[in-house]
Every structure is written in structure tokens, then in C-alpha cells.
Amino acid sequence: MAVTRQVFDAVIVGGGGSGLRAALQLSEAGHSVAVFSKVFPTRSHTVAAQGGVGASLGNMQEDHWLWHMYDTIKGSDYLGDQDAIEFMCRKAPELVYELEHFGMPFDRNPDGTIYQRPFGGHTQNFGQNPVHRACAAADRTGHALLHTLYQRNIRSQCQFFVEWMALDLIRDRDGVVVGIVALEMETGQVVLFQAKVVVLATGGAGRIYQSSTNAYINTGDGLGMAARAGIPLEDMEFWQFHPTGVAGAGILITEAVRGEGGILLNALGERFMERYAPNMKDLASRDVVSRAMDQEIKEGRGVGPDKDHVLLKLDHLGEDVIHKRLPGIREIAIKFASVDPVREPIPVVPTCHYQMGGIPTNYYGQVVVPRGQQHAEPVPGLYAIGECACVSVHGANRLGTNSLLDLLVFGKSAGDHISAWLKTHPEQRDLPRQAETLSLARLRSLESDEPGESVTQLGAEMRRVVQHHAGVFRTEALLSEGVDKIRVLAQRANQLRIVDRSQVFNTARVEALELQNLMIVAEATLVSALARQESRGAHARDDYPERDDREWLKHSLWYREESRMAYKPVNLQPLTVESFEPKVRVY
């Protein structure tokens with residue numbers, strides 16, 4: 001197979017919010033930028049974000065970035081790095097106003113300022129009262145954001161490679177990342193892309209779960225690329241289960257519904273969150289609400305013939321409010337739950353939603369690998385941003401609205417850092433000889449005539465294992481069995497075969513490559529979860545029900561080589577303010 005080569009200053013893998021924000025910063029600075037996306041950029045998963053961007057604008061009531069920082073640290077169950085969290089919360093208002101100037105159609109207050117709504121875990125004055133902090137465009141905020149950024153990138157003449165899949169990173173003998181191997185999905189052509197900098201912005205990997213709000217494209221491609229290149233994955237035991245996925249469908253019902261005044265009810269008609277979070281109630285942090293819902297169902301107060309879900313009531317808000325603030329949610333409820341929320345509640349259940357862990361980075365977006373106990377070194381030429389990265393601002397549990405904020409803040413931060421570096425490093429490093437060898441070998445193995453594994457069957461088995469063994473509540477016995485099972489499946493993933501090679505757009509080939517990436521993420525998740533012997537944030541162990549700051553106030557690192565674990569300390573030192581010391585987390 002003949003392999004051609006193209007050359008750019010920067011290659012960005014992923015056309016979602018973080019990739020587009022970094023691309024905009026670089027292309028407007030005059031650098032040549034290539035953005036790779038498996039789908040048209042405005043169909044990237046950022047488009048599904050509904051509720052808002054968190055920023056302490058104070059348009060509705062008094063607010064302060066320090067309160068936002070406190071809420072984020074508390075929400076992370078004190079596993080978030082406080083330097084990165086301060087950086088993000090300080091930058092938030094600036095980035096929102098910048099979006100406004102780009103033309104993003106935020107909802108407005110009567111005085112013309114950006115409308116803000118309450119969201120789970122966001123408070124005034126260090127936890128006292130709920131605060132209006134989510135800057136919203138109805139319940140389609142991600143859609144508005146993605147279109148705004150894409151249009152700005154078109155204006156800046158950024159170059160897009162649509163329906164391309166990145167296969168592997170290319171590193172030279174000095175360990176410097178000098179490009180990627182990529183596959184054009186329609187033709188099957190493999191091309192080398194040489195670059196001074198590679199940015200991974202491939203989003204999350206929620207498709208390792210059977211029930212997920214994630215799009216089918218969220219297959220952990222960046223994590224697979226990093227792990228194959230010898231880079232560890234950080235905090236992979238922490239997966240956020242969103243409290244309100246449509247029961248039986250997994251479609252997201254935004255937290256904005258509860259922010260606007262929606263309430264959760266059990267089969268007895270009780271507003272049960274008053275028992276679990278007396279102050280914040282339905283607007284407690286997501287992990288708290290998800291566990292409360294799971295507990296209600298386990299104790300027999302679930303709704304429906306199988307008592308396997310609860311109800312989200314919003315008819316009391318009135319048709320006008322629902323039509324103005326939550327039009328997409330009404331449409332989703334009618335289509336996927338066959339209920340009109342103007343008249344009846346929506347059946348909901350906790351559903352896998354967000355990956356808190358990922359590729360370890362600093363707040364400039366540089367991928368950093370630990371060297372010894374206290375020292376970490378950047379991987380030359382490699383950055384990661386968005387959900388595939390672990391900065392870590394989300395720690396053990398992400399606050400709602402901080403995902404869109406994350407991709408904006410660190411997308412721009414990475415763009416600025418890369419641009420400054422490119423101006424002083426004009427040279428291109430050479431690609432190693434036969435840089436495509438390993439990628440081509442993987443592709444050839446998929447098309448072998450030898451008997452092998454079915455992508456469909458193996459994928460279904462993997463999702464069942466992860467769903468059952470790494471759900472909302474976990475135990476050592478459950479996780480140990482899950483690790484054994486997933487390691488067997490990971491070995492079988494090396495024997496994947498494309499049965500029907502005549503499929504249009506090479507979908508079978510792409511799905512096989514995606515499953516290999518997902519299998520890496522699944523193994524990292526189960527091994528990391530088994531190792532962490534405590535309950536913290538989204539990681540709830542029935543056999544270790546308490547948080548253990550003495551032994552486990554540290555980040556986990558999973559290395560694909562020998563599937564081994566290592567650890568690094570949490571950074572409790574902010575940039576300019578006093579540290580927030582760990583304390584009991586109540587809402």
C-alpha cells in the first residue's frame with residue numbers, strides 16, 4: 001500500500017468544541033492547521049451538550065470566581081488539581097464574553113445581559129445557596145457553541161479533513177511526537193501527517209458502557225493512541241453517571257430541567273432528594289443524585305412494571321417556561337419516552353455520561369508523564385484537550401456546565417501555548433522511516449482470511465461486562481471478576497476480523513479500529529477501579545464506603561504495558577489563593 005505524506009504546523013485530532021477552539025487560536029495566529037474529524041465537525045458530540053457554560057458573570061445574582069472554584073473542588077471530591085481549577089474558573093467569564101462577541105446566541109435577560117440558570121452543585125458563598133451560573137442558549141447550548149466556533153474556523157481558513165480517522169501517533173527516536181497516521185474512511189487510504197505539534201481532542205469513551213448518553217463516535221480514539229504510544233491514562237476509574245437519562249433509551253435529559261425547577265419523584269410521589277441532600281435537594285452534585293436514585297430503586301421505590309426508574313416532574317413549571325427554556329427536552333421526551341412533559345413526568349434513570357479521567361496534562365494542554373514521585377515532564381510535541389484529557393479539573397466528579405467550560409478554557413490555553421512555541425521553533429523534525437508500519441499491520445490483521453472475532457459480538461460482550469462490573473456501585477468481587485473478563489476480551493480483540501469487506505465507507509474497518517480503542521479504555525477502567533479501595537465522587541465501593549484521604553488522595557495512572565498501576569499526588573496548591581483542604585462533602 002502506497003502511503004503519501006502531508007505537512008502542517010499543527011494537527012488536531014477531533015472537530016468538537018476543544019479541537020475547534022484550539023484550531024481557531026492557531027489558525028488566526030497564521031499557523032497551518034489540519035483538523036481531523038470522523039464526522040462533519042458540527043455533528044461532533046459537543047453538539048449534544050444542553051444546559052450551559054459555567055461562569056461567574058453575576059448577571060442574575062451576586063457571584064464570584066472563587067465560589068465557582070470552591071464548588072468545583074468540592075464537586076471533584078477534592079481530587080481535582082487546584083492550580084488548574086483556579087485557572088479555569090478565573091478564565092470563565094472572559095471566555096463566555098468572547099463567545100458572545102463571536103456571535104453565539106445566548107438567551108437574554110430583559111436588560112440584555114446573558115441569561116444564567118442554576119445547576120447542580122453551584123452555590124453562592126462557599127455552599128450556602130444555589131446560584132444562577134450556567135450561561136445558556138435554551139437547552140441547546142452545545143449546538144450553538146459548536147456552530148459558532150466552526151463558522152469562525154471557516155473564516156480563518158482552517159483546513160478540515162472530514163470523515164478521517166487518526167490511527168496512531170508517530171514518535172521519533174527521541175520520543176518527540178512528529179505526526180500521526182490517519183485513515184480516510186471512504187477510500188481506506190492511509191496517509192502520514194507530519195506536524196510540529198499534535199493535539200488530541202477526541203472526546204470521551206462512554207461507549208464502553210451498555211447504557212450511555214454518548215454518541216456512537218465516542219470511542220476513546222485519542223486514549224487508545226496515547227496508550228499504544230506508552231503514555232499512561234489517569235483516573236480512569238471515575239465515570240460520571242448522569243442522573244437523568246431517559247429510561248430504556250439513555251438519551252440525556254439536561255440538568256437544566258432541575259435548574260429551572262424540575263423535581264425527582266419516586267413511586268410514592270415523594271421528592272426523595274430532600275432525604276439525601278437537605279440543602280441542595282435535586283441540585284446536589286451529580287454523583288450524589290445518581291446514588292440516591294439508585295438507592296430508591298434498590299429499596300423498591302422505583303416506578304414502572306419493573307420498578308427500575310424514577311420520575312422527573314416539570315409540568316408545574318408551565319408550558320410557557322418549558323417552551324422557552326426547554327424546547328429540546330420536550331421534543332426528546334415525546335420522541336423517546338412517549339410522554340409530553342407539559343402534562344406528565346419523564347421516566348429517568350442514571351446513565352453513563354462523562355469520563356473524568358483521560359490523558360494526563362497540565363493547564364497548558366501539554367501531555368505530562370510522571371518522572372519519579374514529584375516530577376512530571378511534558379511529552380514533546382503532544383497536547384490533549386477536552387474530555388479525552390485529564391487536567392485534572394473534574395477530579396472524581398464533574399460539576400455540570402464545567403465540561404463546556406473545560407473545552408473552551410483549555411482549548412484556548414493550548415492554542416496560545418502552541419502558537420508561542422511554534423514562533424520560536426520553525427523547523428520540522430523528520431519522520432522516522434516506515435512510520436506507518438504498525439498501523440498498516442493492524443489494518444492487515446483485520447482483513448486476514450484466518451478465522452477471527454466478530455466486531456459486533458465482541459463489542460456487545462465488552463459493554464455488558466463494563467455495565468455490570470463498573471456501574472454506580474462497585475465491590476472487590478464484582479471488579480475482580482470484571483478485570484478477568486475484560487482481559488480475556490482484550491486478547492480476543494487482537495483477533496478481530498472484517499467479515500463483509502464490501503460495506504460502503506469501510507464502516508466495518510472503522511468499527512473494528514474503534515473497538516480496539518474502546519477495549520483499552522475498558523481495561524483501564526476496571527483495573528483502576530479495582531485498585532482504588534475507597535469511595536470518592538463517582539467511584540462508590542460498597543466494601544470501602546468511606547473516602548480515605550490518608551491513603552487515596554492521589555491520582556491513578558494505568559499503563560497499557562503489563563496493565564500496571566502507578567500514582568501521583570493531587571496538586572492542592574492553587575495559583576494565587578489559599579488551598580481548600582479536604583473536608584466532609586455534604587449538600
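Started with R152. Skipping its neighbours within four places in sequence, I find R152 in contact with L24, E28 and F102. Worth noting before going on: I'm working from a predicted model.

Where does R152 sit? I looked it up and placed R152 in helix α4, which covers residues 141-155. Buried or exposed, then? I get a relative accessible area of 16% for R152, and because the cut-off for buried is under 20%, I put R152 down as buried.

Next, the sheet. I traced three strands in the order β3-β5-β4, with antiparallel pairing, and the sheet is open. Which strands stand at the edges? I have β3 (53-54) and β4 (116-124) there; each has a single partner strand, so one side of each lacks a neighbour in the sheet.

I then went through the β3 pairing. Strand β5 (residues 129-135) and β3 run antiparallel to each other, and I count two bridges for the pair. For a residue-level check I took V53 and found C135 of β5 opposite.

Last entry: E94. I located E94 in helix α3, residues 82-102.

Terms used
Residues are numbered from 1 along each chain as its sequence is written. This is a predicted model: local features need pLDDT of at least 70, side-chain atom pairs count only at pLDDT 80 or more; totals for chains, interfaces and linings use all residues. Side-chain values use heavy atoms; hydrogens and water are left out. Helices (H or I, at least four residues) and strands (E, at least two) are DSSP runs, numbered from the N terminus. Buried means under 20% relative accessible area, exposed over 50%, partly exposed in between (1.4 Å probe, protein chains only). Contact means heavy atoms within 4.5 Å. Two strands pair if DSSP finds at least two bridges between them.
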